[in-house]
Amino acid sequence: MSLLTFLFILAGISAPVTEMDSLLLEKMLGISDSLLFEAPAKSLMLAQEAYKMTGNSLYLKGTASLIMGKVYQQQRDYYTARKHYLESLELRRKWGSPDLIGVTMLALSENNAHLHHFDEAIGYARQAVDLIRKTGNELGLSMAYMQLASTHSWAYSTAKSRDMLTPRFSTDSALHYYKLAEQYEHQPDQKAWLHYGIGITYIHREDSAAVPYLEKAVAIRRKLGQLYLLIDAMQFLGRAQVYRKDYLTAEKLLDEAYGLYKSHTLDDDFLLSKIAFSNVLLHQATKSYKKAFEWLLTGNKTRDRRLLDDREGAISQLTVHYETEKKEALLKQRETELARQREMLGYERKIKWIMFGSLVLAIGTLGMVFYLYRKNRELSLHNATLVKEQNHRIKNNLQRLSSLMDLQLRKLTSRETRSLLQENVNRVQTIGLLHRHLNNTTRLSISMPLYLETLVEGLKDIYIIPGLRIDYRIAPVVLPSQQAMSLGLIVNEVVTNAFKHAFPKATSPQLEIILSRSDTGCHLQISDNGQSEIVAASPESIGLQLILLLARELKAVHRLSQENGTVFDLKFPLL
């Protein structure tokens, strides 16, 4: 029995009320665990069709939202999954069944564990235990204990890999909760998950006690014909045999797991990376270092590919959220402006009638004018507040994007990929810094001394150059936000180029940044004493293309020269 089928049994579904309900439940029940793992696109299509069929039924809509979350979670789109889980939780709280609420909390617990929010995951699982225990539903209680156990096991493994072990999460706690779950009756599918979970917990301890449990899980998965889950359990069983030092059995299991993976043309980098890691352990233990190295390369390639896919998906998702919020803010601003204009037109008509009135009404006319002045001022202040809120949202979204890219940067192993991603992080942070300054002022203009110095000092902290001296001679220039952003991005590109290419070869690195103002405009000069490669760089370089594009936006004239270092000059008019 799949986990999704379990959701319906736990909810106590009786005969469907209508033919439409019957079709809907049949469609949702068709999304088995095997389908989730082996055909994610088909699972998503079935879930979306079921979601559209729910109508106004709180019960059915809550169930469909939960399943949509399951499908997105399997595709590692954890934030979209979380949105559907929270929608399901809200609907099920209105419907009022403790079992249903508990099941949704278990899903939220698993979702938070995937995001490494382990404290929240434990909290949701404990709430689910309390709710389901009151109903006496043994199957549900067993699943809640298993979720608590797997979260402790997962948190322990994550902390161990980062050398940050904490007594809050331990394999002893995980095994304790698995023992509580074992006392209840289980269907074969649940037995497989239970044995698998206990085996994985021992794997995290590098303990060969995992072998009998994983052997049971493999036997059940094989009997049920669950290919993906069978391969996953087999590669873990092979790893456990390595810990037992039964290398021959381990090699047979891993060869069979990889053979099944290839023969069924499964395309799952996550599963392949686990098979690769288990093979690395085996061949290291048998001192077959060439094979270990080959499997290590395979594992690294799949891991890097998965990280890049996750990064691109997350950036795309954040971009959509950012553009949506930006459009909503602009629409609200336009609606406010239209309302203010309509209101002002109404008051102007009143004033005209009063002005044509008798002299006796002159005092009333003056009072109306004063009232209009105050009303207009309040609306202007409100409009300014909306603009400030928009800048605040943009700043927060850019900060999320920068944090996400930083997280991916730490996991990348390719030096070239890390360098390219770091440059994009710097560009995002440059724009985010500008919006942070805008958020701290009521004007739509930026003081350049503080902005440029903060920007360059941030880059200095990233590219640590021993003995670097930076001289700032920046006039107290205030630029409109659009000009300030273009100038900031140009400074980011030139200074980044100096830090990467000029100073590693300089014995006493020096950087000078000058910004002056005249009647005709502004003059920016950035010079260094290193051996920069910016002049000789390819015209197809993204950095140079960006400088040319931004200079065109500023209507600027720029020049690069190399004499005892590199000098970059930029002259542009003020708006």
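Does Tyr258 count as buried, exposed or partly exposed, and what is its relative accessibility? At 26% relative accessibility, Tyr258 counts as partly exposed (buried is under 20% relative accessible area, exposed over 50% and partly exposed in between, with a 1.4 Å probe and protein chains only).

This is a predicted model, in which local features need pLDDT of at least 70, side-chain atom pairs count only at pLDDT 80 or more, and totals for chains, interfaces and linings use all residues. Residues are numbered from 1 along each chain as its sequence is written, and side-chain values use heavy atoms, with hydrogens and water left out.

**View 1. The aromatic pair of Tyr258 and Trp295.** Rings of Phe, Tyr and Trp (its six-membered ring) pair if their centres lie within 6.5 Å; planes under 30 degrees apart count as stacked, over 60 as edge-to-face and the rest as tilted. The count by this rule is seven aromatic pairs. With ring centres 5.1 Å apart and planes at 80°, Tyr258 and Trp295 are edge-to-face. Tyr258 belongs to helix α14 (residues 247–263) and Trp295 to helix α16 (residues 289–355), so the pair ties together parts that are 37 residues apart in sequence. Helices (H or I, at least four residues) and strands (E, at least two) are DSSP runs, numbered from the N terminus. Trp295 counts as buried, at 15% relative accessibility.

**View 2. The aromatic cluster of Trp193, Tyr196 and Phe236.** Trp193 and Tyr196 are three residues apart in helix α11 (residues 188–204), and thus separated by about one helical turn. Tyr196 is buried, its relative accessible area being 16%. Arg221 lies over the face of Trp193, 4.6 Å from the ring centre (a charge sits over a ring if NZ of Lys or CZ of Arg is within 6 Å of the ring centre and within 35 degrees of the ring normal).

**View 3. Strand β4 (residues 510–517) and its pairing with strand β2 (residues 469–474) and strand β5 (residues 522–528).** Two strands pair if DSSP finds at least two bridges between them. β2 and β4 pair in the parallel sense over six bridges, and Tyr472 has Ile513 of β4 as its bridge partner. The pairing of β4 and β5 is antiparallel, over seven bridges, with Cys522 of β5 as the bridge partner of Arg517. Four residues lie between the strands of this hairpin, where Gly521 takes a positive phi near 160°.

**View 4. Residues 1–29, where pLDDT stays under 50.** pLDDT is the predictor's confidence in each residue, from 0 to 100. Where pLDDT is low, the predicted coordinates should not be read in detail.

How values were computed
Contact = heavy atoms within 4.5 Å.
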